[in-house]
Amino acid sequence: MENKIYDPKMECISRDELFEIQSKRLAETVRRVYDNVPLYRKRMDEKGVRPEDIKTRDDLRLLPFTEKTDLRDCFPFGLLAAPKKEIVRIQGSSGTTGKPIVSGYTANDIEVWTEMVARALTAAGAGPDDIIQVAYGYGLFTGGLGAHQGAQRVGAMVIPMSSGNTQRQLMMMKELGSTMLCCTPSYATYLGETAREMGIVDDLKLKSGCFGAEPWSEEMRRNLEGLLNIDAMDIYGLTEIAGPGVSFECCAKNGCHVNEDHVIPEIIDPVTGEPMPYGVPGELVFTTITKEGQPMLRYRTHDICVLYDDPCPCGRTHVRMGRITGRTDDMLVIRGVNVFPSQIESVLVGINGVAPHYVIIAERENYTDSLEVQVELTENMFSDTVAHIETLRRQIADQIKSVVGIQCKITLVAPRSIPRSEGKAKRLIDNRKI
Amino acid sequence: MFIKQVSVFLENAKGTLKELTRVLGENEINLLALSIADTAGFGIIRCIVKSGDVDKSIEVLKENGYIAKANEVLCVGMPHKPMGLANILALIEESDISIEYSYSFCRSTLDDAVIIIRPSDKEKCAKILSDAGVHIISQQEVDKF
């Protein structure tokens with residue numbers, strides 16, 4: 001595929017120049033959060049780090065880490081580093097225990113995020129002649145609006161379909177002649193399979209797509225490219241940092257370039273927290289260096305991957321992340337939604353009569369993830385009528401849906417049928433082969 | 001006026017019904033009537049045992065890891081011929097009572113056919129049926145089956 005670069009000056013900048021920019025922006029960010037965010041000030045004081053100690057990007061290792069639980073504990077506005085009146089947007093995702101996490105964006109934050117997505121889409125071939133169908137969900141989830149803004153920025157025609165309604169997606173794709181698709185790779189696969197069944201693949205004008213919000217594999221890429229006759233590109237992001245576009249694939253299809261002029265990536269040892277060199281797998285950590293609304297210092301993603309700094313044939317100098325190969329915690333990504341077993345547990349204990357004996361089983365069939373929650377029935381829940389038990393089952397499913405954001409299959413099982421383990425209960429069985 | 005029924009939760013899986021009946025059988029508990037409500041995921045076994053066996057049934061089932069509960073249902077006798085059940089259901093319907101479930105005894109000491117009804121309002125249902133002259137079968141009668 002063609003090698004297109006949105007901002008060659010910044011994306012192909014020399015590593016030395018980039019180091020200077022990162023150092024300056026990091027120092028500004030640290031000063032900003034120290035002056036405006038009580039949590040960061042407290043953490044830095046505890047570590048004995050002063051803002052003036054952060055002179056270059058190499059001083060990053062002096063700074064404290066930030067965790068997803070910090071976003072929950074400071075919900076909703078405790079981490080804002082800008083006056084609330086300067087915040088123009090809130091995006092969010094599910095937290096670890098039912099309370100969502102949110103991120104506030106200033107106008108400039110939206111601008112930066114838009115540009116990051118524009119870089120990603122351009123790398124996937126986008127330009128003013130393109131018709132980009134956005135089939136990520138629109139709303140608090142960053143996927144829909146993120147892709148939308150970036151697509152508009154490159155001058156493309158945007159079709160804001162949001163997710164779901166596959167028949168209508170394909171009808172619009174065919175009738176409007178969409179040339180690019182943005183959605184999760186599993187949904188793209190489902191669209192591709194449905195298009196094959198309907199025999200309309202040859203009527204489509206798709207040339208490429210940017211797929212993200214969930215981990216996927218080279219095998220899924222090959223399958224998806226074959227199904228829809230497209231170049232399938234990876235895009236990575238998280239709400240806490242910006243949204244999709246934190247990193248993205250280029251024509252080399254060999255890892256995602258991190259937008260390093262806005263975000264500094266690190267790999268750390270997940271146990272000791274020590275920074276690791278490029279080329280070694282570990283936990284991915286991000287520090288935002290241009291964000292005004294809700295900057296993040298050394299945010300631990302708990303995603304495991306490798307960073308590569310060897311030259312890329314595309315000419316971009318920003319480091320690349322390999323595919324996410326796992327998690328250091330028990331978070332699952334199901335159809336683009338982050339799911340923690342603790343969220344499901346909080347729902348179950350909140351329902352009268354439900355014992356906290358449950359197990360969550362993730363499956364992947366035809367490239368689509370599903371989640372089953374097996375819950376042991378208790379005497380309180382049992383009655384002689386099917387209607388009563390079915391109502392309870394629906395109630396559990398509905399409450400999980402409202403907290404976690406996805407539909408789970410609830411299976412009621414006999415008491416003591418879920419194996420008890422010594423120590424920490426095994427709450428999660430992930431049968432997916434990604 | 002009502003008779004005791006034992007309900008048990010079963011997973012919808014191979015061998016679970018056999019295991020349940022074995023537990024009851026080995027404890028010398030005889031099933032007088034049995035019904036199985038099955039859904040895709042689970043089943044509810046409802047059965048009638050002699051009144052003296054109700055507490056024992058629940059006890060042994062719980063000991064073996066089952067969830068079991070007793071409740072009361074209506075037991076009705078009717079002529080063992082066409083329209084026997086239809087006439088009784090007509091009376092129930094006229095009174096605006098709905099039926100959650102119903103099942104029958106295979107065998108009794110009576111000439112009548114015997115069915116079990118779980119009405120939405122069992123007091124009202126028993127009254128309208130007995131006012132209409134329908135034979136409401138007592139626990140004592142069932143215990144002699």
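Helices (H or I, at least four residues) and strands (E, at least two) are DSSP runs, numbered from the N terminus. The structure is a predicted model, in which local features need pLDDT of at least 70, side-chain atom pairs count only at pLDDT 80 or more, and totals for chains, interfaces and linings use all residues. Residues are numbered from 1 along each chain as its sequence is written, and chains are lettered from A and ligands numbered from 1 in the order in which they are written.

In chain B, B:S138 lies in the loop between strand 7 (135-136) and helix 5 (139-143). A residue is buried if 20 or more other C-beta atoms, placed from the backbone, lie within 10 Å of its own, exposed if 12 or fewer, and partly exposed in between. B:S138 has 13 C-beta neighbours inside 10 Å and therefore counts as partly exposed. Between B:S138 and B:Q5 there are 133 residues in sequence and 13 Å in space, C-alpha to C-alpha.

In chain A, helix 8 (residues 185-198) has 14 residues, which should span 20 Å at 1.5 Å a residue; the expected span is 1.5 Å times one less than the number of residues. The end C-alpha atoms of helix 8 are 20 Å apart, in agreement with this. Its buried residues are A:P185, A:S186, A:Y187, A:A188, A:T189, A:L191, A:G192 and A:A195. Among the elements that cover them are helix 7 (166-176), strand 5 (180-183) and helix 9 (218-228) of chain A. Just after helix 8, A:G199 takes a positive phi of about 70°.

Two packed helices are described by the angle between their axes and the distance between the axes. Axes are lines fitted to C-alpha atoms, for helices over the stretch in contact, and angles run from 0 to 180 degrees between N-to-C directions. Helix 10 (residues 341-350) and helix 11 of chain A pack at about 135°, with their axes 10 Å apart. Helix 10 of chain A is therefore oblique to helix 11 of chain A (under 35 degrees is roughly parallel, over 145 roughly antiparallel, 65 to 115 roughly perpendicular, and the rest oblique). A:Q343, A:I344 and A:V347 of helix 10 meet A:Q399, A:I400, A:V403 and A:V404 of helix 11, where contact requires C-beta atoms, placed from the backbone, to lie within 7 Å.

The contact between the chains takes 14 residues from chain A and 16 residues from chain B. On the side of chain A that touches chain B, helix 11 (386-404) and strand 21 (409-413) of chain A are the elements that give two or more residues. Strand 21 of chain A gives the most, with 3 residues.

Technical notes
Two residues are in contact if their C-beta atoms, placed from the backbone, lie within 7 Å.
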